[in-house]
Amino acid sequence: MPPKNTDAIVNETVELQCQGQGSPTPTITWLKNDQNINFANNPRFFQKISGSLQISRSQKSDSGKYTCVATNSEGSTRANATLRVLSKLLN
């Protein structure tokens, strides 16, 4: 299941879905703007057991292209989605 283009509001929690199927079960990794996401340096970023990427307290700087990569011994598949983090609208 590939991730979908998503819009979020600043400080919201956003989740990009990604699930891979195959035998053996694929490992899911995430890239942001073609760079590996360093989860240790980004405590707001969390990869769930399902493979989905959760971003807490989203910031405008989180906007960009996210790539989900599913890899097993048979090969790998990639899927891209764009995340846009938008400012809150003031009334």
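This is a predicted model: local features need pLDDT of at least 70, side-chain atom pairs count only at pLDDT 80 or more; totals for chains, interfaces and linings use all residues.
## Nonpolar core

The largest nonpolar core is made up of 16 residues. Those with the most contacts inside it are Trp30, Leu53, Ile55, Tyr66 and Leu83. Two or more residues each come from β2 (14–16), β3 (27–32), β6 (53–55), β7 (64–72) and β8 (75–86). The most is given by β7, which supplies three residues.

In soluble globular proteins, nonpolar side chains tend to be buried together.

## Largest pocket

The largest pocket holds about 210 Å³ of space. Its lining has 16 residues, and Gln19, Gly20, Ala70, Thr77 and Arg78 lie nearest the pocket centre. By type, the lining divides into seven nonpolar residues, eight polar and one charged.

At least two lining residues come from each of β7 and β8. With five residues, β8 gives the most to this lining.

## Backbone features in the loops

Ser23 and Pro24 are joined by a cis peptide bond, with omega about 0 degrees. Pro24 is in the loop between β2 and β3.

The loop between β3 and β4 (35–36) contains Asn33, and Asp34 also lies between β3 and β4. Neither is a glycine, yet Asn33 has a positive phi of about 50 degrees and Asp34 a positive phi of about 70 degrees. Asn33 counts as partly exposed because its relative accessibility is 41%, between the 20% and 50% cut-offs. Asp34, with a relative accessible area of 47%, is partly exposed too.

Technical notes
Residues are numbered from 1 along each chain as its sequence is written. Side-chain values use heavy atoms; hydrogens and water are left out. A nonpolar core is a set of buried Ala, Val, Leu, Ile, Met, Phe, Trp, Tyr and Cys residues joined through side-chain atoms within 4.5 Å. Buried means under 20% relative accessible area, exposed over 50%, partly exposed in between (1.4 Å probe, protein chains only). Helices (H or I, at least four residues) and strands (E, at least two) are DSSP runs, numbered from the N terminus. On a 1 Å grid over the protein atoms alone, a cavity is a set of points where a 1.4 Å probe fits but cannot get out, and a pocket is an open set with protein on both sides within 12 Å along at least five of seven lines; lining residues have an atom within 4 Å of a point. Grid points are joined across faces, edges and corners, and a volume is the space filled by probe spheres set on the points. Ala, Val, Leu, Ile, Met, Phe, Trp, Tyr, Cys and Pro count as nonpolar, Asp, Glu, Lys and Arg as charged, and the others, Gly among them, as polar.
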